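Please look over the sequence and the model shown here before reading on. The notes below are meant to be read with both in view.

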Amino acid sequence: MEKAKKIILLLGAGGMLGAALAERLSREYKVIALGHIECDITDSKRLARIFSRYRPWLTLNAAAMTNVDACQENPENARAVNAKGPYNIAKAAAKYNSIVIQISTDYVFSGRKNRPYQENDYASPLNIYGKTKLEGEKLLRKTLKRHIIIRTSWLFGKGKDNFINNIVKRSQKEKVLRIASDKYSSPTYALDLARAIAKIIALINGCAGQYKSYGTYHISNSGYCSWYEYAKVILKSAKITWVKLEPIKMSQINFKARRPVFSALDTTKYLRLTGKPPRKWQTAVKDYIEREYM
């Protein structure tokens, strides 16, 4: 008789990362993939009913309000989704003995450091998005012992607007693209992040309830770059030769919310856990473009 698959409750399944996770994890687990319509994480009563129905072994929260300027303009909405949402999940998970993996962001950091951030570096966000995501982290840590927080950065992938898609679209209409050269972080392919999360889940699954490595991890593709350098690699990978790039300063862009200047993530802790570093961001970008545009 075939052994029953463990149940993973995936919240935020309609997003870029959620879709990649659903595809990757459904090979080994029974994945209950719910988008915002099926499960609003700000609704604690509805969330409790979902936990009661499925009683998941592990819950993965990829739901978030990620538009940085929209968060700045709507702080109450941002707090409800990014802070209260993870708290609601943690409370329900505690009742049904479910492990929680929470997706967080490099924007919990101020960007004043000149080398990649480690997990224990002091978090001091500059905007409402970062502040509410950090609040969500703190509430999860306080409420549930068996948790993993994964901070990532500059996510790109299939199914949603991202920096790569925007550069390719703009290149079809504009001959000169003005791109900030003084903002740095690590691009992250959603497929690579989904694979990394799957590795962590496999380690948990293999420990028969005695997993010892709960906590916070930084996962992005290896290396970092400026938006300007990122755009150069995108255009080269997509064989777009008719567009000129012009470097500008962040201060020349009319953002509503402040952004950290340097928020690259140090993935050494993840390497120590799994024995393998994430692949280079340039390779991941080229792979994505070949899949989507070639």
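## Basis of the model

This is a predicted model, in which local features need pLDDT of at least 70 and side-chain atom pairs count only at pLDDT 80 or more, whereas totals for chains, interfaces and linings use all residues. Residues are numbered from 1 along each chain as its sequence is written, and side-chain values use heavy atoms, with hydrogens and water left out.

## Salt bridges

A salt bridge is taken here as a side-chain nitrogen of Lys or Arg within 4 Å of a carboxyl oxygen of Asp or Glu, and by this rule the count comes to 16. Accessibility is described by relative accessible area, with buried meaning under 20%, exposed over 50% and partly exposed in between (1.4 Å probe, protein chains only). Helices (H or I, at least four residues) and strands (E, at least two) are DSSP runs, numbered from the N terminus.

E137 has salt bridges to two arginines: one with R141, where the closest N and O atoms are 2.9 Å apart, and one with R151, at 2.8 Å from N to O. Because E137 lies in helix α5 and R151 in strand β5 (residues 147-152), the latter pair ties together parts that are 14 residues apart in sequence. R141 and E137, by contrast, both lie in helix α5 (residues 128-143), 4 residues apart, or about one turn of the helix. E137 is buried, since its relative accessible area is 1%, and R151 is likewise buried at 3%, while R141, at 32%, counts as partly exposed.

Salt bridges that share partners also join D192, R195, R279, D287 and R291 into one network. A further salt bridge links E28 with R24, whose closest N and O atoms are 3.3 Å apart; E28 is partly exposed, because its relative accessible area is 38%.

## Aromatic pairs and charges over rings

Rings of Phe, Tyr and Trp (its six-membered ring) pair if their centres lie within 6.5 Å, and planes under 30 degrees apart count as stacked, over 60 as edge-to-face and the rest as tilted. By this rule the count comes to 15 aromatic pairs. W154 and W227 form a stacked pair, 6.0 Å centre to centre with 25° between the planes. This pair links distant parts of the chain, with W154 in the loop between β5 and β6 (155-156) and W227 in helix α8 (residues 227-237), 73 residues apart; both W154 and W227 are buried.

F163 and Y230 are also stacked, at 4.6 Å centre to centre and 15° between the planes. F163 lies in helix α6 and Y230 in helix α8, so the pair ties together parts that are 67 residues apart in sequence, and Y230 counts as buried because its relative accessibility is 1%. One aromatic cluster is formed by W154, F163, W227, Y230, F255 and W281.

A charge sits over a ring if NZ of Lys or CZ of Arg is within 6 Å of the ring centre and within 35 degrees of the ring normal. R259 lies over the face of F255, at 3.8 Å from the ring centre, and K269 lies over the face of Y217, at 4.5 Å.

N165, found in helix α6 (residues 163-171), counts as buried because its relative accessibility is 9%. Leaving aside residues up to four places away in sequence, N165 touches G157, K160, Y288 and Y293, where contact means heavy atoms within 4.5 Å.

Q282 lies in helix α10 (residues 281-293) and, at 36% relative accessibility, counts as partly exposed. Q282 and T188 are 94 residues apart in sequence, with a C-alpha to C-alpha separation of 10.0 Å in space.
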